[in-house]
Amino acid sequence: MNKIVITKIPLKYFYYFQYLIFGFHQLAKENKIQFEIKANSVSEWIFYRFYRLFLKLSDNSSKFRNSIENNYLLEGYYADGKIKVCFCYDIADSPHYYDINKLKSVDLYFKAQHPKEFKEEGFELTENAVLPFSPGTLNYLHKIKPSLLAPGFGVNNMFAHKKMEKKYNEMFAKKQLHNKTIMCYFGNSKGPKIIKTNTPDLYTKESEILGYFGAKIEHPNIKRAIAAKIISEIPDADARIIHDGNSDTPHKSKTNPLFIPLKDFPNHIAQFKYNLNISGHRLSIPYRFIHSFAVGTAIITDSLKVKWYLPFGPEVVETVEMGYLPADKVDWEAFKKHIQNLPETNPQAIVDAYHKKWSPKAFASYIVNTCQDIIKK
């Protein structure tokens, strides 16, 4: 039988990989693949199974915390008994960042935030602000495949299929009302504080990217705040900005009256036909896409510059460019007209498309099928 073996799970980003891991567990339960998680050491195996111990050590030991590798790549391979296909899954919120050494060594490099197109000059935040791709990336485009980024389940054991299944089922709404028009739920209104340095990290440091480009760009969260104010004027809308300030300013969101606990979030989203998105760090697609699709709510978003492994259908409506445009360059009048004339949605069709295209099992099947395609070639 065909087999998927996971050989590396970055501990710092443990929960980010649970959606895909759960999908592999599901395929194995249905006898469609064999599935195994291997560890490179006894300590890794312990942390994969008892992640709470890893969290406790991280909280209480700066030496241990500083020793943790900042790695965004899950690694593994597919085997059909004769041929092995090595792959990795990159969850970094940077469409232009690639681990070039891993890109050279694997057969397939699945990128969560995959650019709609690769240009030699780099990834465009705006036409006046372009981020360079990691050196050498363009030589290996045949290996890079789009994937997606989905919410984790907060389960502290990568082997615990039943616990993951329970948490997965909590993503769905008890009732799909969709009797209100539009909502938004954003964490903050300004993004991180700007840092100017002579040696900026243009791959993963949002503050330094903002400092490097200066007045040429403004963080997407500034547009989120403006857009939230616009949609709040619609009678049956719900527009929430949890923290009116920078994302890296300490604040207690859970004590904010606008905060919605995760257990209540699916039922909240399911009241609305649309959930507003404005692209995140480096124009990434955030969790709200999956949270919305799972309850039959469509996404209205600024124009996307990244893609998933299948085209979006009626579940996503794109409006004007916002992203990193300075706020005074955004066509706000066109946005207002778009918001006032949104097409009717079909909630059940959105849920059906979610299960067919974007569920954990669908995602895991895509990884398996892509590996099989490599062998057939």
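1. A nonpolar core is understood here as a set of buried Ala, Val, Leu, Ile, Met, Phe, Trp, Tyr and Cys residues joined through side-chain atoms within 4.5 Å. The model under review is a predicted one. Its largest nonpolar core has 105 residues, and those with the most contacts inside this core are I6, I9, F24, Y89, L125 and F335. Helix α13 (residues 360-376) contributes the largest share of this core, seven residues. Another core, of 10 residues, lies apart from it; Y185, I260, F265 and F272 are among its members.

2. The surroundings of I6 deserve a separate remark. Beyond its neighbours within four places in sequence, I6 is in contact with I21, F24, F35, E36, I37, K38, L74, E75, G76 and F87.

3. Helix α6 (residues 161-169) has H161, M164 and Y168 as its buried residues. These lie on the same side of α6, because they cover an arc of only 65° around the axis. An α-helix has 3.6 residues a turn, so residues three or four places apart point the same way. The buried residues of α6 pack against α1 (18-29), α12 (347-358) and α13. On the face turned away from the buried side, α6 carries the exposed residues K162, K163 and K166.

4. E120 is found in the loop between β6 (114-115) and β7 (123-126). Exposed means over 50% relative accessible area; E120 therefore counts as exposed, at 76% relative accessibility. Although 12 residues separate E120 and P132 in sequence, their C-alpha atoms are 8.3 Å apart in space.

How values were computed. Residues are numbered from 1 along each chain as its sequence is written. This is a predicted model: local features need pLDDT of at least 70, side-chain atom pairs count only at pLDDT 80 or more; totals for chains, interfaces and linings use all residues. Side-chain values use heavy atoms; hydrogens and water are left out. Buried means under 20% relative accessible area, exposed over 50%, partly exposed in between (1.4 Å probe, protein chains only). Helices (H or I, at least four residues) and strands (E, at least two) are DSSP runs, numbered from the N terminus. Contact means heavy atoms within 4.5 Å. The arc is that of the directions from the helix axis to the C-beta atoms.
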